Amino acid sequence: MKKLRQFWKFLSRRFVLFLLYFVLPILIGWFMYAVFSASLPRDLPIGLVDLDNTSASADVRFNINASPTMYIKHEYGSIMEAKADLASAKIYALAVIPYNFQRDITLGKGAHLAFYYNAQFVLVGKALNSAFAQIIGTLNAKQSVAQNLIKDQDLNLALSKAMPIFSQIIPLYNASNNYAQFLLTLLLPCMLQILGALAMIQLLKGVPHSFRSLFARYIGNTIVFVWWGICMLLLLKNLGFEVRGSFGLLVVGLGVLMLGINGVVVFLQSILLDIKKTIGVVAVYTAPSLAFAGVTYPQNSMNLLALAWSKFLPISSFMELYIQQANYGGSLSGALQILAQMSFFLLFFVLGSLIYSKRRAR
C-alpha cells in the first residue's frame with residue numbers, strides 16, 4: 001500500500017503521465033471500438049442516374065435499395081450533376097443505367113450497367129464493389145431463369161441452365177467478414193505500443209541516477225501497459241473474436257512487445273538526451289505501424305525497404321504471434337520462435353543502460 005501511495009503521489013505531479021496511464025487507453029480504445037462497432041459497412045449512400053426509366057431499370061433500383069450495404073440517396077439527371085457529390089463524399093458511388101437498357105436485355109444484345117466509386121476509400125470501395133457485383137449476378141440469374149422457363153417450362157431445369165455451376169466458398173477465419181475483427185485486433189495493439197513509448201519518454205525526463213532507477217521505470221511502465229494489454233485481449237475475446245490458441249502465450253507476447261518498445265525508447269533517449277527529439281524520432285518510428293505490421297498489407301508483397309522497416313517494429317512480430325495463436329491455434333514451438341525474434345528488441349535496453357552508465361561515469 002505504501003508503494004501504491006508513492007506511485008499515486010508521483011502520478012499526481014505528472015499530469016501527462018496520468019493521462020497516458022489511465023485516460024487515453026480507455027478513451028482511444030472506446031473511440032476505436034465505437035467506429036467499428038457496426039462490424040460491417042451498411043446503408044452507404046450512393047447516387048443513381050436512370051436514363052432508361054423502364055421496368056428493367058426499376059428492377060435495378062429495387063435491388064440496389066434491397067442491398068444491406070447501400071441505398072440510393074439521390075437520383076441525378078446526368079453524370080455531371082453527380083460529379084460534385086461524388087467528389088465531396090456526399091455519395092460514395094454512382095450507378096448509371098444507360099438508354100435502351102431494357103431493349104438491349106430483351107434483344108439479348110448485352111446490356112451494360114456502369115458503377116463509379118472512389119477506390120481511395122478502400123474498405124468502403126471494396127464493400128460497394130462486392131455488393132454491386134452481387135446485384136448484377138442476381139439480375140443476370142433472374143433474366144436467364146425467365147428466358148429458360150419460357151423454353152423448358154420447368155423451373156428446376158431453368159435454374160440449372162441459368163446457373164450450371166454453384167460455388168461453395170467457405171471462409172476459414174472471420175467468416176462474417178467483420179471489419180471490427182480485422183481492424184481492432186491491429187489498432188488496439190498499435191495504440192498500446194505508441195502510448196507505452198510516450199509514457200516511457202515521460203519517465204525519462206529526469207536522467208536516471210542509477211541502473212536501479214532506470215530499471216524500475218522500465219519495468220513499471222511495462223507492467224502498466226501489459227495490464228492494459230490483458231484488458232484488450234479480454235475485450236476482444238468477449239466480443240466473440242477467435243482465440244483458438246493459448247491466451248497465456250499472448251500475454252507473454254504482450255510483455256515482450258512492451259519491453260521491446262520501452263527498450264528502444266531508453267536507447268534513443270540515452271543517445272539524444274532531448275525529450276523533444278526523442279518524441280520526434282519515436283513518432284517517425286512507430287507511426288507507420290498500422291501499414292507495416294503485415295495485416296492491412298501483406299509482408300510478402302512489400303519491397304525490401306518496407307519489409308526491413310516492418311521487421312524492425314516489435315508490433316509486426318506480435319501481430320504474427322496473435323494471428324498464429326488467435327486464428328490458427330498455432331503450436332508452442334512456432335510461438336516460441338516468434339517470441340525469440342521479438343527478444344532481439346530487449347537488447348536496446350541493455351545498450352541504453354550501458355550508455356547511461358558511461359554518461360554517469362564521466
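Which residues are buried in helix H15 (residues 332-342)? In this predicted model, local features need pLDDT of at least 70, side-chain atom pairs count only at pLDDT 80 or more, and totals for chains, interfaces and linings use all residues. Residues are numbered from 1 along each chain as its sequence is written, and side-chain values use heavy atoms, without hydrogens and water.

The buried residues of H15 are Gly334, Ala335, Ile338, Leu339 and Met342. Buried means under 20% relative accessible area, exposed means over 50%, and partly exposed lies in between (1.4 Å probe, protein chains only). Helices here are DSSP runs (H or I, at least four residues), numbered from the N terminus. The five names span an arc of only 135 degrees around the axis, so they sit on the same side of H15. The arc is taken from the directions from the helix axis to the C-beta atoms. An α-helix has 3.6 residues a turn, so residues three or four places apart point the same way. The face turned away from the buried side of H15 carries Ser333 and Gln337, which are exposed. The buried residues of H15 pack against H10 and helix H14 (314-327). Contact means heavy atoms within 4.5 Å.

Helix H14 contains Ser316. Ser316 counts as buried because its relative accessibility is 5%. Leaving aside residues up to four places away in sequence, Ser316 touches Phe292, Ala293, Gln299 and Ser310.

Two packed helices are described by the angle between their axes and the distance between the axes. For H10 (residues 247-272) and H16 (residues 347-361), the angle is about 30 degrees and the axes are 7 Å apart. H10 is therefore roughly parallel to H16. Angles under 35 degrees count as roughly parallel, over 145 as roughly antiparallel, 65 to 115 as roughly perpendicular and the rest as oblique. The axes are lines fitted to C-alpha atoms over the stretch in contact, and angles run from 0 to 180 degrees between N-to-C directions. In H10, the contact residues include Gly263, Val266 and Phe267; in H16, they include Phe348, Leu351 and Tyr356. The residues of this contact divide into nine nonpolar, five polar and one charged.

Leu128 belongs to helix H6 (residues 122-152). Its relative accessibility is 0%, so Leu128 counts as buried. Not counting residues up to four places away in sequence, Leu128 touches Leu44, Ile46, Thr69, Met70, Tyr92, Ala93 and Phe115. Leu128 and Val266 are 138 residues apart along the chain, and 46 Å separates their C-alpha atoms.

Methods:
Helices (H or I, at least four residues) and strands (E, at least two) are DSSP runs, numbered from the N terminus. Ala, Val, Leu, Ile, Met, Phe, Trp, Tyr, Cys and Pro count as nonpolar, Asp, Glu, Lys and Arg as charged, and the others, Gly among them, as polar.
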